[in-house]
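Me: I have a structure to go through with you. Please take the ligand sites and the aromatic rings in turn.

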Amino acid sequence: MNLLATKEPISASVVLRHDWTVGEVQDLLDMPLMDLLWQAQLVHRAANPGYRVQLASLLSVKTGGCQEDCAYCPQSMHNSSDVTGQPELSVQPVLDRAKAAKNAGADRFCMGWAWREIRDGAPFEAMLAMVTGVRELGLEACVTAGMLTDQQAVRLAEAGLTSYNHNLDTSPENYENIISSRTFQDRLDTLQRVRSAGIKLCCGGIIGMGESTMDRASLLQVLANLTPHPESVPINGLVAVEGTPLEELDLPEVDPLEMVRMVATARILMPRSRVRLSAGREQLGREGQILCLQAGADSIFYGDTLLTTGNPDVEADRELLAQAGVQVNVVASQE
Ligand code: SAM
Ligand code: DTB
Ligand code: SF4
């Protein structure tokens with residue numbers, strides 16, 4: 001029995017705002033840790049009293065050979081990582097993987113394409129069949145495949161897509177240090193197309209790329225001022241992959257407490273969004289991850305691979321979640 005579970009939402013703590021200033025967000029990020037955790041907990045327990053954590057499995061459908069020049073990404077053709085362009089997976093093997101993810105306890109299946117943008121034709125028709133098949137398994141379906149057109153967004157919505165992932169990655173001010181092959185505005189335009197088609201948004205960013213606290217505040221401010229808030233917000237810690245420009249900079253590893261601060265601030269700013277503890281969990285350690293769950297993370301990537309890099313295995317995560325005393329398997333419709 002969870003003696004401390006709050007049965008009634010503390011509704012006063014759940015305030016949806018879209019007018020945050022960078023200064024306000026920076027003040028949250030910089031608060032004494034105990035005060036920040038307390039504020040985040042008030043919001044988290046009110047919005048998610050059962051500490052329910054969503055398990056999202058991830059599969060790379062089209063790996064490597066991407067035209068974009070994202071400095072963190074092993075899949076960019078401009079980077080010299082070991083990841084090379086692979087043929088795309090076909091529909092049935094993807095659905096088999098989705099079924100296996102469901103059997104392992106996932107309730108969301110996310111599929112990635114290393115593309116600058118979605119192209120029409122056979123690969124797009126296959127993507128639509130994958131989305132429909134994943135939904136028929138009773139799972140939420142998320143796609144991440146770069147920019148798209150209005151028409152493609154409408155067809156994805158018709159196929160039953162729950163959510164489209166497109167990250168802002170970093171602040172508008174830091175953006176040009178990380179990616180030059182598309183603009184921050186291109187990203188905002190893509191998000192708007194997804195929204196207009198009635199698809200939920202999954203949009204977040206990465207820390208550990210040499211950005212300042214002001215950059216982190218600025219990224220979170222843009223996310224929190226999107227109206228409505230993205231339904232899910234992945235917070236990634238840089239996975240420094242050999243052969244990528246950011247790995248070559250030999251940046252310090254993300255301090256777990258910096259990740260806790262990012263998660264806590266995202267929770268306060270976007271009370272009803274899923275805050276997904278995403279790439280970089282292997283570097284966080286058990287206690288760091290548990291603090292993130294306490295600070296407001298309510299989703300994780302579940303399964304031993306992300307797109308091309310490692311993630312904790314399923315048994316380790318089951319143990320982690322049990323040790324943290326959180327519940328899993330949220331009903332698919334909550335987002
Ligand atoms: N090509 C599509 C796009 O960029 O939108 C979809 C795939 S892309 C790999 C999805 C996201 O993964 C990126 O926006 C970035 O936030 C995250 N990501 C990629 N490589 C990463 C890394 N090495 N460390 C942390 N996050 C990473
Ligand atoms: C997100 O924000 N993080 C995931 C998912 N959305 C697509 C991807 C993380 C990728 C980490 C590096 C890799 O495995 O290639
Ligand atoms: Fe391509 Fe996406 Fe990697 Fe950028 S993050 S290089 S767009 S796969």
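Reply: A polar contact is a pair of N or O atoms within 3.5 Å; within protein, one must be able to donate a hydrogen and the other to accept it, and residues adjacent in sequence count only if both atoms are side-chain atoms. This is a predicted model, where local features need pLDDT of at least 70, side-chain atom pairs count only at pLDDT 80 or more, and totals for chains, interfaces and linings use all residues. Residues are numbered from 1 along each chain as written, chains are lettered from A and ligands numbered from 1 in written order, and side-chain values use heavy atoms, without hydrogens and water.

Me: Which residue has a backbone N or O atom 3.0 Å from a nitrogen atom of ligand 1?

Reply: W113 puts a polar backbone atom 3.3 Å from a nitrogen atom of ligand 1. R182 uses a side-chain N or O atom, 3.2 Å from an oxygen atom of the ligand. The backbone atom at 3.0 Å from a ligand nitrogen belongs to V239.

Me: What share of the area of ligand 1 does the protein bury?

Reply: Accessible areas come from the Shrake-Rupley method with a 1.4 Å probe; for residues, only the protein chains shown count as cover. Alone, ligand 1 exposes 550 Å². The protein buries 91%.

Me: How many charged residues are in the shell around ligand 1?

Reply: A residue is near a molecule if one of its heavy atoms lies within 4 Å of it. Ligand 1 has 16 such residues, with Y72, T144, N167, D169 and V239 coming nearest. Ala, Val, Leu, Ile, Met, Phe, Trp, Tyr, Cys and Pro count as nonpolar, Asp, Glu, Lys and Arg as charged, and the others, Gly among them, as polar. The shell holds eight nonpolar residues, six polar and, as charged residues, two.

Me: Which residue has a polar side-chain atom 2.6 Å from an oxygen atom of ligand 2?

Reply: Ligand 2 is surrounded by 13 residues, and the closest are N167, N236, L307, T308 and T309. The side chain of N167 has an N or O atom 2.8 Å from a ligand oxygen. For N236, a polar side-chain atom is 2.9 Å from an oxygen of ligand 2. At 2.6 Å from a ligand oxygen, the side-chain atom is that of T308.

Me: How much of the accessible area of ligand 2 does the protein cover?

Reply: The shell has seven nonpolar residues, six polar and no charged. On its own, ligand 2 has 400 Å² of accessible area. The protein covers 88%.

Me: Which residues are around ligand 3?

Reply: By class, the shell of ligand 3 has six nonpolar, one polar and two charged residues. The residues are C66, E68, C70, Y72, C73, S76, A114, W115 and R182.

Me: Why is the pair of W113 and W115 tilted?

Reply: Rings of Phe, Tyr and Trp (its six-membered ring) pair if their centres lie within 6.5 Å; planes under 30 degrees apart count as stacked, over 60 as edge-to-face and the rest as tilted. The count comes to two aromatic pairs. W113 and W115 have ring centres 6.0 Å apart and planes at 40°, so this pair is tilted.

Me: What type of aromatic pair do Y175 and F184 form?

Reply: Their centres are 5.6 Å apart.
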